Amino acid sequence: MPQGSILGPLLFLLYISDIENCSDILSFILFADDTNLFYSCNNLPDLYSIVNCELSKLSEWFCVNKLSLNVKKTNYIIFGNKKKVVNYDHLKLELDGKVIDQVYETKFLGVYLDNKLNWKAHISHLRLKLSRGIGIMNRVRHIVPRKVLLMLYHTLIYPYLVYCNVSWGSANKSLLNTLFILQKRAVRICSGSTFRSHSSPLFSNLRLLKLIDVINFQTAIFMYKIKYKLVPQCCMHYATVNSADRFHNTRNLSYFVKIHFRTNIRAHSLSVRGPQLWDTLPLSIQQEARLGCFKRVLFQHYLLDY
């Protein structure tokens with residue numbers, strides 16, 4: 001099948017659809033030709049030993065299906081406790097006798113993950129993208145009308161603030177503030193304001209949400225979709241609806257089960273943040289039956305705070 005054909009992607013997906021069957025231990029995430037394997041273990045030497053064993057099975061699957069894997073483009077990352085210092089010199093992963101490179105940050109479907117899950121790498125990437133967009137807007141601010149500047153904001157700035165922010169929105173406030181500073185700079189350009197103009201009235205006049213509210217807005221929508229089972233089945237485990245009788249709503253009763261946590265990473269996870277955020281919303285918003293109406297009243301709810 002020639003590259004770029006219409007049926008090519010579909011046939012490729014059908015061809016590799018059984019790759020998950022080569023291992024009962026590893027977890028697979030497949031997206032087109034981007035394949036990711038996951039495994040969790042408390043003991044690091046055991047982790048390397050088990051994964052190496054499973055990689056040999058994967059290599060056999062490739063051989064049987066007459067496919068080859070470019071080891072040079074393959075790497076792995078160890079997610080772990082930032083307080084522990086581990087020596088990896090004597091540990092290595094191999095595939096077909098070739099050592100796989102270990103990295104400390106990697107790109108996963110457009111999102112940069114680091115081994116400490118603090119989102120520094122991704123936010124650094126976003127700062128570069130936003131700065132370039134602001135530079136373009138600044139160069140044309142005296143040439144095009146404000147309507148066009150607002151269109152440029154929604155094209156060059158806003159998509160980066162929205163994409164996957166349900167995940168990276170849990171980053172430290174100081175990191176998020178670096179993005180918010182750039183967002184305010186873009187909003188001042190859109191409104192034709194000076195560099196030191198107070199930003200809240202500008203957000204209100206342009207009907208734009210601040211970064212933290214953009215994150216909360218997207219997170220609340222995700223929780224709404226979980227409530228009404230509008231997300232894929234693989235996403236339903238992020239929150240569980242309470243089994244309590246919901247006919248007698250009270251402010252002390254959480255709609256979603258609250259997850260207990262011990263670590264900061266867990267505290268900032270969607271399973272914890274999502275239910276907490278949902279409980280802060282007025283009941284009138286929580287009980288909206290249609291997604292379009294929910295988005296509209298939720299947007300207005302955040303905008304009124306400006």
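Lys57 is partly exposed, with a relative accessible area of 36%, where buried stands for under 20%, exposed for over 50% and partly exposed for the range in between (1.4 Å probe, protein chains only). The model is a predicted one, in which local features need pLDDT of at least 70, side-chain atom pairs count only at pLDDT 80 or more, and totals for chains, interfaces and linings use all residues. Residues are numbered from 1 along each chain as its sequence is written, and side-chain values use heavy atoms, with hydrogens and water left out.

The structure contains 2 salt bridges, a salt bridge being a side-chain nitrogen of Lys or Arg within 4 Å of a carboxyl oxygen of Asp or Glu. In one of them, the side chain of Lys57 meets that of Glu54 at 3.3 Å, N to O; the two residues lie 3 residues apart in helix α2 (residues 44-64), and are therefore separated by about one helical turn. Helices are DSSP runs (H or I, at least four residues), numbered from the N terminus. Whereas Lys57 is partly exposed, Glu54 is buried, at 2% relative accessible area. Glu94 and Lys92 also form a salt bridge, at 3.4 Å, N to O; here Glu94 is partly exposed at 30%, and Lys92 is partly exposed at 46%.

With a disulfide taken as a pair of cysteine sulfur atoms within 2.5 Å, the count comes to 0 disulfides. Cys41 is in no disulfide, the nearest cysteine sulfur, that of Cys53, being 13 Å away, and Cys41 is partly exposed at 28% relative accessibility. For Cys63, the closest cysteine sulfur is that of Cys22, which at 13 Å is too far for a bond; Cys63 itself is exposed, at 61% relative accessibility.

The second largest pocket holds about 320 Å³ of space. A pocket is here an open set of points, on a 1 Å grid over the protein atoms alone, where a 1.4 Å probe fits, with protein on both sides within 12 Å along at least five of seven lines; lining residues have an atom within 4 Å of a point. The lining comprises 14 residues, of which Gly169, Ser170, Lys173, Ile212 and Arg273 are the closest to the centre of the pocket. Helices α7 (173-191), α9 (211-227) and α11 (270-280) each supply at least two lining residues, and α9 gives the most, with 4. By class, the lining has 5 nonpolar, 7 polar and 2 charged residues, where Ala, Val, Leu, Ile, Met, Phe, Trp, Tyr, Cys and Pro count as nonpolar, Asp, Glu, Lys and Arg as charged, and the others, Gly among them, as polar.

Note on methods: Points joined across faces, edges and corners; volume = space filled by probe spheres on them.
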